[in-house]
Each structure stands twice: as C-alpha cells, then as structure tokens.
Number of protein chains: 2
Amino acid sequence: MYRLHMITDPSHTANLRIAIDRNSSLSMQEQIRRKIIDDIALGVLIAGTRMPPSRQLAHDLGVSRNTIIMAYDRLVSDGHLISKDRRGLFVREGMFGRDLGAIQVTGSRQSINQSVWHARLATVALPSLTSVLPPDWDQYPYPLVDGPFDRSLFPVAQWREASRRALSVQEINIWTRNAGDADDPMLVDELRRKVLPLNGISVQSEEVLVTTGAQQALSLVCDLLVHDGMRVVLENPCHPELRMLLQKKKVQITALDVDENGMQLSAEAIQAADIIFISPGCQRPTGATLSDERRALLLQIAAESGKIIVEDDCQWETSLSTNALPALRGMPGGENVIYMATLAQPLAPAIRLGVLVAPIPVIRAARNLRRITARHPALSIQRTFAHMLALGHYAALLRHVEEAFAKRMIALREALNYYLPNKISLLPTLIGTSAWITGPKTLDTRLLVKRAGTHGVLIEPVHDYYSRAVPNNVFRLGITGLVESKIRDGVAAFANAFRETMDPTPSKTNFDAAQALSGSAIKRVCNGAKLLCKTVYGDPCTIVLSRNGEMQGRAGFANEDRDHGTWWVEGDYWCRQWRQWSYGEVGRFRVVLRGERIEWFHQDGHLVDWAILVRRNKK
Amino acid sequence: MYRLHMITDPSHTANLRIAIDRNSSLSMQEQIRRKIIDDIALGVLIAGTRMPPSRQLAHDLGVSRNTIIMAYDRLVSDGHLISKDRRGLFVREGMFGRDLGAIQVTGSRQSINQSVWHARLATVALPSLTSVLPPDWDQYPYPLVDGPFDRSLFPVAQWREASRRALSVQEINIWTRNAGDADDPMLVDELRRKVLPLNGISVQSEEVLVTTGAQQALSLVCDLLVHDGMRVVLENPCHPELRMLLQKKKVQITALDVDENGMQLSAEAIQAADIIFISPGCQRPTGATLSDERRALLLQIAAESGKIIVEDDCQWETSLSTNALPALRGMPGGENVIYMATLAQPLAPAIRLGVLVAPIPVIRAARNLRRITARHPALSIQRTFAHMLALGHYAALLRHVEEAFAKRMIALREALNYYLPNKISLLPTLIGTSAWITGPKTLDTRLLVKRAGTHGVLIEPVHDYYSRAVPNNVFRLGITGLVESKIRDGVAAFANAFRETMDPTPSKTNFDAAQALSGSAIKRVCNGAKLLCKTVYGDPCTIVLSRNGEMQGRAGFANEDRDHGTWWVEGDYWCRQWRQWSYGEVGRFRVVLRGERIEWFHQDGHLVDWAILVRRNKK
C-alpha cells in the first residue's frame with residue numbers, strides 16, 4: 001500500500017559514481033556496463049531514469065568518451081536502455097520485473113557469503129519475537145492487539161498547528177542550533193510542569209532526559225546500572241525486550257509472578273535483589289495495578305536497604321483516569337526510584353519520544369551514554385511536541401483517547417461476555433487497553449492465533465512474555481487499533497475461531513434433545529426464578545425472572561451494572577431480550593436442567609451459557 | 001537565550017497529584033503544603049499558575065475540603081500563593097528567585113544521596129569529553145570549530161515545503177501507522193536511488209537501515225560485531241566516541257597513526273586484526289583521505305582473510321566535490337564492507353538521521369538490536385526528509401553547502417597564511433571543513449584554547465582524539481559554524497591568542513634595529529630579486545620583485561595560484577600591495593638580511609615572515 005502514495009521521481013538523471021578497477025581482468029567498458037546492469041536489477045536505477053550524457057560520464061569517471069559510448073551502445077542493443085530522440089538514454093521498463101528479491105545480481109555481488117555473516121553474528125543473536133507487531137497489522141479487519149493505534153486517534157489538526165509553530169523562522173533558529181548533548185529546554189520545562197505532575201512527579205530540569213521512546217530509557221538504565229553478578233528481579237510475565245536487554249549481562253534473574261494486584265512481592269525476594277524492574281501502574285503485559293500494600297512494602301525495603309527500583313510507566317497515558325494511584329516515583333519515599341514513560345502513545349511511531357527521570361548523577365551518566373549510542377532525539381520533533389503541550393493539545397488528546405478507550409474496553413467485555421460466556425476468564429483489572437485472558441486448560445493459544453487469522457482477527461501470542469512455564473491457555477486482546485463500532489464483530493469472529501480451536505471437528509453430542517425441557521417445563525422452572533452466573537471478567541451476576549415476563553439483572557460486586565428486559569417461551573425455546581445487555585437483541589435457546597444448573601443451547605447444538613438456578617419463594 | 005523564545009503558559013491550572021502517606025507523622029494538610037512549596041521551589045509551579053479550587057483538589061486527593069482550605073490558607077499567609085478576587089489562588093512571583101540550582105528543597109527530597117549514585121555508576125563512568133561542543137558555541141564571535149552549522153545554511157523554505165507535504169492527511173496516515181520495526185520505505189528507496197549512489201554504493205532495500213544519526217549505526221555495529229578477545233584496529237587520532245564504545249569490551253586495540261594519506265596501513269597490522277574501523281573518505285578528525293594504494297591493500301587483505309571493515313563516512317556530504325574517490329563500500333571488492341554515513345549534516349541536530357549499509361544478515365541483527373535499544377527513528381522525520389530528497393532540495397542543499405564551505409576553506413587558509421606565516425603547518429588535505437594544524441614544538445594547545453576564548457575565538461582541543469602520546473602542539477580549526485565574511489577577523493583574533501600563548505611576556509629583542517636595512521639597501525637587495533617561501537599549507541611559493549616596482553607571485557605545486565602587485569620603499573620600510581593576496585592591503589615592514597634569508601618585521605618588532613632570497617642575473 002505504500003507504493004500507492006510514494007512519490008517517485010524517475011525523471012531525475014542517474015547518479016553514477018563507478019569505481020574503475022584498472023587492474024581488473026575486465027575492460028573498463030565491461031565494468032561500467034556490469035555496474036549499470038546491477039543497478040537496474042537492484043532497483044537503484046528505475047525505469048524512466050535518464051542516463052548522464054556520455055561526455056559528462058566520461059569526464060566524471062576519468063575515462064575516454066569512447067568507452068562510455070561503447071558501454072551505452074551495448075546496453076541499448078541488449079535492451080537495458082532505450083534512446084529517446086534528442087532527449088538522451090533512459091532505463092527501459094520491465095527488464096527485471098518487479099520482484100527484486102529473486103534476482104541473481106551479476107558480478108561482484110556474488111561474493112557476499114551470508115553464512116559467514118550468520119556465523120559471526122551467532123554469539124549475539126537475539127531471538128525473533130513472535131510478539132512483534134506484524135507490519136501489515138492494519139490490513140486485518142479486526143486487529144484485536146494492544147499497542148498500535150488506529151488512525152482516528154491521531155490529532156491531525158493539532159499536530160499541524162504545533163508543526164506550523166515549530167516551523168517559524170524564529171523557532172527554526174532555535175532547534176537547528178547544535179546544543180551539544182542538551183535536549184530542547186522548552187520541552188523539558190513543559191514535561192516537568194504539565195506531564196510529570198500528572199503522575200505525581202515534581203523534578204528539576206537536571207533530573208530529566210528526553211529519550212527516543214521509553215525503550216531507549218530502559219536500554220540506557222540497563223547499561224548503566226545492571227552489572228555482572230547482580231541479582232535482578234523482574235515480573236513474570238514481562239515484556240521480552242527487557243529480558244533481551246539483560247541477556248547480555250551475567251546476572252541472576254528472579255521473575256516474580258503477577259496476579260491481579262501486580263507483582264507478587266515477597267520481602268525475601270526484594271531483600272535478596274540488587275535491582276528491581278517493575279511496571280506498577282499498568283503492568284506490562286497483564287494490565288494489573290500494584291496494590292497500595294505492595295507499593296508500601298517495596299518502597300520501605302528499598303529505602304532501608306538501598307535497592308534500585310526501575311519503574312516502567314509506559315501505559316500511563318491510557319490508564320490515567322482509571323488508575324487512582326500516582327507513580328511510585330511520585331509517592332513519599334519514591335525519590336530514588338528511576339522512572340521512565342512513553343510520551344504521546346497515539347503519536348508513538350511518528351515521534352518516538354520518551355522520558356527518563358532519575359537522580360542527577362544518573363541523568364548525567366545517561367546523557368553521556370546517549371551521546372555515544374545515538375545522541376539526543378531530533379530537536380525538530382522535541383520542539384513540535386513541546387508546542388503540542390504548550391497549546392494544550394496534548395491534554396485534550398489524553399482526554400479524547402481515554403474516553404475512546406473506556407468505551408472500547410466496555411464494548412470488548414460485553415462482547416466477550418456475550419460470545420464466550422463460561423469459556424474464558426479475564427484478569428480482573430479495570431485499567432488499560434487490553435484484556436488478559438485465561439481459556440480452558442486444553443486451549444492451545446498458538447493454534448488459536450493461527451485460527452483467528454483465518455477469520456480476519458489478529459491477536460498477539462503471549463509466549464514471549466514468560467520467563468518460564470509458559471501457560472498454553474493464556475492470551476491477550478487489545479483495543480487500541482480498532483474503533484468501538486467494530487469490536488463486537490471482531491469478537492464474534494474471534495469466538496468462531498475460539499470454538500474451532502477448542503473443537504476442530506464439532507459434534508453436537510453435548511446437546512441431548514431428549515433432555516431438553518418442553519415449553520411448559522421451561523415456564524414452570526423459570527417463573528420467579530433467580531439465576532446466579534458470572535461475567536467473563538469474573539463479576540457476579542444475578543438475574544431475576546418475574547412471572548409477568550419481566551426480568552431484572554444486576555452485575556458487579558457493588559451491583560453497579562443493572563439492566564432489565566423481558567423473557568418468554570416460543571414452542572420449546574426460551575427467549576429473552578435485554579434493554580442494553582447482549583446488545584438488546586432477541587436470543588432464542590433450548591434449555592437443559594442438570595440438578596441446580598440450567599444450560600442454554602444454541603440451535604446448532606452448542607452450549608451458549610449456564611447459570612445456577614435458585615428457586616424463589618412463590619409469591 | 002532560549003527563555004526569550006519560550007512560550008510559557010503559566011495561566012493553566014496546576015496539575016496536582018499528591019500521594020498522601022496516611023502513616024506519616026506529618027498531617028495531611030502539612031504533606032499537601034510541603035508538596036506545593038517543593039513544586040514552587042522546583043519551578044514545577046511557576047508564578048501565575050492557578051491552583052485548583054479547593055473542592056476539586058479535595059475530591060481528587062480523597063481528603064476533606066477543610067484540609068485543603070487550611071493548607072491553602074497557610075500558603076497564602078506565608079506568601080507562596082496570592083488570592084485574586086473571584087478568580088482563585090495563584091502562585092506568587094519571586095518567592096524563590098530564578099536560580100533554581102541553588103535552592104534547598106524541603107522535606108523528602110533531602111533523601112537523595114548523590115554520592116551513593118556516583119558510587120553505583122563508577123564502573124561504567126564514561127570520561128567527560130573536552131571535545132564535546134559547548135552548548136553556547138554560537139555565543140562566541142568566532143566559533144572556529146568543525147561540526148556545528150551556522151544558521152545561514154539551513155534550508156528554511158525547502159524544509160517547510162517538505163514538512164507541508166509530509167503533513168497532508170494522506171501522508172500522516174502513512175507515517176503514523178505502526179509498522180513494527182520497519183523504516184519508511186519511501187526514505188529507504190530515496191536513499192538507495194539518490195544518496196548512496198553518490199558514494200558509488202548500489203544496494204537492495206534489505207541492506208539498508210535508517211539510524212538516529214551515524215552514531216547509532218556505529219553503536220549497533222560495535223555491539224553486534226566486536227566481541228571479547230578480538231583484535232581491533234583503529235585510527236590514531238580517532239573520534240573518541242568510537243574508543244568509548246569499545247571501552248566496554250575486552251578487546252586488544254591497535255591504533256595506527258594517520259598521515260596525509262590516511263591510516264598508515266601495514267599488511268601485518270591488518271592481517272593480525274579481526275575488525276578494522278576506518279574513515280577513509282575524510283578521516284575523523286584530521287580530514288586526510290585514504291590513498292588509492294592503501295585502499296587496494298586494505299580491500300585485498302580483507303577479501304583474502306575475511307576481515308571485517310567498518311567504514312565511517314560521516315563527512316562525505318561536505319567533501320563530495322573535492323573527494324575524487326567513492327566510498328570503500330562502493331569500490332570493486334567492497335561488497336562486504338559495513339558502511340555508515342550521516343545524512344543532512346546542516347540539519348543534523350534537528351533531524352538526527354544516519355544510514356547503515358551492510359549485508360542482509362547484519363541488517364537483520366541490527367534491526368533486532370535497534371528494537372530493544374531505541375526502535376526506529378521517528379517516522380515523521382523520515383518521511384519529511386524523504387520529501388527533501390524527492391523534491392530535489394537535498395541535492396540543492398549539498399551543492400550550496402559545498403560551495404559555501406569551499407569559499408570558507410580558502411578564506412581560512414589565506415588568513416592563516418597572512419596572520420601566522422612560518423609559525424604553523426597544515427596537514428595538506430584539500431578536503432572537508434577543517435584544518436589540522438601543527439604548531440611550534442613549544443606550543444601548549446590547552447593554553448591556546450583558553451587564550452583563544454579570551455579573544456572570542458572558540459577552538460576545539462584535540463587531546464580526546466588520541467589513543468596515546470598526545471602531541472601538545474596540534475590543534476584543529478573548522479569553518480562549518482562561521483560565515484565567510486567573519487573568517488579573516490576570527491583568524492586575526494586567533495593569531496593574537498596564538499602569539500600571546502607562545503610568548504606571554506612579549507619582548508622585542510628578536511628585532512635588532514642595528515641590523516635592519518636602510519631604504520637604499522632594501523632597494524639594492526630587492527631589485528630583480530626572487531624570493532622562495534612556503535605557505536602555511538606547505539605549498540611552495542615564488543615571488544619575483546621587478547625593478548619597475550611590479551611583483552609576480554606563484555604558489556602551489558602546479559603554480560595554480562597566481563597574483564601580481566607592486567612593491568616600493570618608504571624611508572627604511574619595505575612596502576607591498578598584492579592585487580588579491582594578503583587581502584590586497586598595503587603591508588609595511590622593516591627588513592633584516594641574514595645570509596640568504598630575508599626577514600620582515602612588524603613595527604612592533606615581531607617577525608612576520610621570512611623567505612630565501614635568490615639574486616637574479618642583472619638585466
């Protein structure tokens with residue numbers, strides 16, 4: 001799809017700088033000819049490119065004009081170039097087709113021996129990550145992954161306004177200036193006045209370094225503060241890029257499991273550690289928030305025994321309104337915590353900015369290390385983003401994104417509840433932009449990922465996140481890349497993939513028509529019944545079926561989610577329609593009663609849902 | 001000076017997210033009050049910032065409104081906040097002055113113990129580089145350093161046009177898209193079709209990685225291809241960032257001296273090496289170009305014995321027209337050379353782009369490593385620069401910059417020749433943007449750097465560039481940051497600093513008035529004389545003084561630089577005026593003859609220049 005938008009300019013005259021080897025067994029004419037053929041095959045010279053005039057090329061290469069004329073003549077007669085009267089020679093169309101990958105390039109390029117390079121790189125080979133976003137993620141109808149942002153969230157007009165401001169002559173004079181290793185002071189001030197206080201963090205300029213995304217901050221900190229022989233504590237699961245950074249070091253890693261309250265901290269584990277990497281705000285990848293008690297424990301032990309805490313707060317922008325706690329770094333006793341965050345996630349691939357907050361000596365060392373590994377992030381970007389902040393556009397963006405994500409997360413949970421009841425359970429976190437989901441024990445998520453793809457649903461395998469004992473039945477669904485209106489259809493398609501994965505050769509034997517209740521039996525059972533069930537996100541749910549055909553539903557630990565609707569019987573089918581739940585649509589099911597358990601079956605025989613039936617006192 | 005241009009927005013309402021410690025011995029009111037005072041002292045809350053209404057803050061922090069009202073009241077009575085009728089509470093001006101660095105912040109921040117952090121960072125401490133550009137370099141009247149670019153070279157209109165193109169909705173849709181680890185395909189294609197061929201390099205897309213400046217390319221290559229136990233060959237002198245990157249590895253480094261033909265290669269040294277780092281095009285920092293013979297030797301041995309060559313071509317943009325040779329990577333036999341270059345140097349601090357060219361397995365590994373250390377450079381910048389290329393603005397920029405630099409280099413050499421004849425010698429390289437200069441053996445360039453500063457001249461100490469045996473009398477002058485019209489004045493000021501450094505207590509004893517020639521003696525000696533001298537850049541120079549008062553000058557090995565002028569005698573002074581040389585100005589000197597050597601002295605007694613006098617046959 002890039003090709004459509006690419007501005008190519010084949011009409012420019014080719015740049016040909018050919019090194020002639022005068023000791024070669026090949027004639028100069030032959031060397032020039034081969035180089036031009038190679039360039040055409042490689043796509044360096046594309047169809048329609050004008051060749052330099054022979055006189056000029058002869059002068060540039062320091063050879064006789066005859067040599068060039070002979071080379072050009074042969075290229076024309078072989079069909080590589082065509083002559084257009086009075087306009088010169090041009091590269092001809094279609095000599096090598098379009099698929100450059102398959103071309104055997106002539107001559108010298110054959111000397112590149114790939115296996116030699118593979119051997120040389122073997123000692124530092126990084127594993128290929130299956131969790132890396134495929135470049136074509138947005139070609140899927142339903143990209144249910146966490147991280148990439150759909151285009152509707154990019155603040156086009158606001159970014160343009162900030163760019164225009166940064167492109168005034170006065171501003172250009174500032175950001176084109178080479179200030180050594182310094183970041184844009186306007187951005188640093190905007191960050192410490194407007195952004196960091198959102199996480200409870202108040203710092204001086206000297207405690208702030210702007211980075212090329214939070215990943216660079218993490219990389220700098222690992223290089224500066226993790227040394228051979230150290231004991232390092234991580235979360236399990238944890239984003240694989242951190243484990244890969246530590247792979248180079250000879251350290252002893254303890255990975256502590258994560259539950260719904262974040263990392264399962266034990267005083268022993270922390271006391272034995274030198275450095276602790278943690279994502280307390282919105283754990284990567286599960287989305288859990290570290291509880292108050294664990295925060296207090298962590299900060300207390302760190303303060304007493306001088307542990308280094310590295311806080312990764314990369315999801316804060318998408319969990320600001322739902323997360324009641326400030327960053328660890330912003331809590332009393334958090335002054336020595338090393339803190340890093342992503343900036344402007346919906347703009348992330350475009351602007352790649354992050355921030356590192358640390359005590360001054362660490363920032364100084366990080367700035368020195370940044371100097372030799374990459375230098376500062378582009379100052380034009382720093383200044384443009386500073387204007388996004390100064391103009392208030394960033395604050396507006398955060399509000400807009402959070403609102404959109406809150407709606408999408410509700411849509412995701414409702415859809416999961418509707419299409420996959422009683423088959424999966426979500427980690428009960430109310431934060432972030434993804435659901436961390438455990439399926440049945442027999443689920444193989446690798447198969448699920450593949451099967452989902454055939455239904456147009458992209459989901460992310462989570463195997464790379466685990467240090468050990470990778471569970472086969474855990475997966476994650478995210479909503480950053482998919483607009484709210486498409487989530488239901490996406491989950492419906494995903495549910496089909498899920499069922500096919502669990503039961504590749506579906507049989508309908510789990511529905512026994514002989515056991516199904518008749519219409520009159522359904523009425524008898526349901527009149528005045530109370531049903532107890534659970535939503536996919538683990539909330540209790542109670543439904544009361546009144547005799548008059550009305551029904552009331554309450555879900556959540558505080559009954560905060562309520563709806564009402566009607567139920568009735570058609571033939572041997574139990575029917576219901578909620579006002580809002582289950583999309584307000586009519587559902588028709590066969591019913592089976594096994595002891596206290598009432599089961600609903602789809603017409604095709606598959607089990608849709610079940611509940612515990614509590615008979616109410618007859619009124 | 002940034003402050004003048006900074007758009008501050010004190011009128012926004014403060015973001016206050018205060019973590020209350022309910023176990024603290026301090027009351028909640030006291031904690032809130034201290035946090036606000038800290039924020040004011042730190043400059044996080046600046047004068048004029050509006051405080052959130054007490055009701056809102058109480059709600060946000062989950063405390064009673066009374067607590068907030070009490071805290072606010074105390075802050076008002078202590079003078080930190082002021083009340084403006086009906087508009088709320090605002091941070092008051094001037095409580096802490098402007099110098100935040102000196103402030104003792106209250107409370108919790110005292111727990112940051114800097115010495116602990118210094119100790120922790122000790123094992124990885126990078127030396128502070130004296131060669132790092134000071135942030136205030138452009139505050140000097142004469143920044144005679146190499147690297148930073150004066151603003152006149154930034155293509156404002158062109159960059160704006162490219163930016164506008166990249167800001168169309170269609171384009172924004174492309175570069176905001178998260179394409180995993182991929183670079184902008186438009187930029188990659190523009191690079192391999194328009195930029196790399198300028199250096200003789202033809203490659204496929206898969207052999208190209210876009211980096212955050214060439215420094216990131218170098219850092220990635222060091223991490224991937226330099227392993228403990230290897231023997232590494234570098235240049236001496238060499239840019240210190242490379243040595244710092246290698247500092248982390250346990251390698252045996254051989255630094256080969258550089259002369260006017262580049263690195264002094266020996267077959268033994270190369271054969272003993274595993275990997276060779278070299279800057280053959282325009283050596284960093286001397287500016288020498290690796291000769292044809294040494295290139296052939298290097299490529300031959302590398303091909304025979306599989307050495308890895310890493311080619312740093314960071315100066316190519318400013319030496320394109322003067323350097324007749326393509327990159328090593330573009331020469332026959334250079335297919336396995338790993339190549340890196342800076343892109344758009346005059347735009348460098350603003351856009352930070354570089355390129356790495358290497359065999360496909362190396363690029364794949366570098367892309368993986370880039371993923372965990374920083375990810376790709378911002379795609380908005382990549383696309384904007386791609387438009388600079390597509391629009392032809394980059395080619396125009398290269399032409400413009402080269403032309404400007406060629407004029408400046410001539411101005412620099414003429415000025416050095418005029419102000420410091422016979423005192424210094426330049427490495428005879430005709431390339432690049434700086435002069436590598438050796439002064440008298442007794443020169444101490446550290447003193448020279450300091451003294452130059454007092455004359456408004458910024459020059460760069462070169463000590464950091466050397467691996468060993470740092471010469472005290474070598475320095476470098478560059479012209480990237482200073483417009484042509486200011487170079488003469490800059491060198492004049494520098495020459496004063498130079499003289500003061502060489503002779504801090506000037507005496508005039510080297511001029512003996514008794515030995516000076518009288519006016520008639522001067523006439524007798526000079527009529528029809530031929531003078532042989534050398535320019536500061538080592539070129540021979542011949543001057544013929546005709547009886548009729550005319551004079552002819554020829555300089556250069558091919559006598560390519562010619563001028564003519566007049567000479568005459570006033571009293572006991574010899575006077576001359578060239579048409580172009582010596583700025584076409586009148587010079588008046590006393591003259592002493594010592595054997596065959598004729599010496600010219602300034603009125604103040606210092607030796608200006610000397611030459612060998614050849615008596616011509618009388619006509």
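**Before you click**

This is a predicted model, where local features need pLDDT of at least 70, side-chain atom pairs count only at pLDDT 80 or more, and totals for chains, interfaces and linings use all residues. Residues are numbered from 1 along each chain as its sequence is written, chains are lettered from A and ligands numbered from 1 in the order written, and side-chain values use heavy atoms, leaving out hydrogens and water.

**Stop 1: both chains**

**Stop 2: chain A alone**

The C-alpha trace of chain A spans about 110 × 65 × 50 Å along its principal axes. Chain A has 19 helices and 23 strands; these are DSSP runs numbered from the N terminus, with helices being H or I of at least four residues and strands E of at least two. Of its 619 residues, 59% are buried, meaning under 20% relative accessible area, with exposed being over 50% and partly exposed in between (1.4 Å probe, protein chains only). Among contacts (heavy atoms within 4.5 Å) with a separation of 6 or more, 67% join residues 24 or more positions apart.

Now colour by domain: 2–101 is domain 1, 196–376 domain 2, 410–502 domain 3 and 513–614 domain 4. These bounds come from an automatic or database domain assignment. The centres of domain 2 and domain 4 of chain A, over C-alpha atoms, are 47 Å apart.

**Stop 3: the eight-stranded sheet**

Which order do the strands of the eight-stranded open sheet in chain A take? Read across, they go β4-β11-β10-β9-β8-β5-β6-β7, with mixed pairing. Strands count as paired if DSSP finds at least two bridges between them. The edge strands are β4 and β7 (262–263) of chain A, each pairing on one side only.

Select β11(A), residues 353–357. Are its faces covered or uncovered? Both are covered: Leu353(A), Val355(A) and Val357(A) are buried on one side, and Gly354(A) and Leu356(A) on the other. Next, show its neighbours:

- β4(A), residues 208–211, runs antiparallel to β11(A) over four bridges, and Val208(A) is the bridge partner of Val357(A).
- β10(A), residues 338–343, also pairs antiparallel with β11(A), over five bridges. Here Leu343(A) partners Leu353(A), and Tyr339(A) partners Val357(A).

**Stop 4: Phe494 and its core**

Show Phe494 in both chains. Phe494(A) and Phe494(B) have the most contacts inside the largest nonpolar core, which has 156 residues. Such a core is a set of buried Ala, Val, Leu, Ile, Met, Phe, Trp, Tyr and Cys residues joined through side-chain atoms within 4.5 Å. A second, separate core of 72 residues includes Leu234(A), Ile308(A), Ala358(A) and Leu129(B).

Beyond neighbours within four places in sequence, Phe494(A) touches residues including Leu144(A), Leu420(A), Val457(A) and Phe475(A). Now select α18(A), residues 487–502. Its 16 residues should span 22 Å at 1.5 Å a residue, and the end C-alpha atoms are 22 Å apart, which agrees; the expected span is 1.5 Å times one less than the number of residues. Buried residues of α18(A) include Phe494(A), Ala495(A) and Phe498(A). Their cover includes α16 (393–419), α17 (445–454) and β15 (474–478) of chain A.

**Stop 5: β16(A)**

Finish at β16(A), residues 529–534. Ala529(A), Leu531(A) and Cys533(A) make up its covered face, while Lys530(A), Leu532(A) and Lys534(A) are on the uncovered one. It has an antiparallel pairing with β23(A), residues 607–615, over four bridges, where Ala529(A) stands opposite Arg615(A). Another antiparallel pairing, over five bridges, is with β17(A), residues 540–545. Zoom in there to see Cys533(A) opposite Cys541(A).
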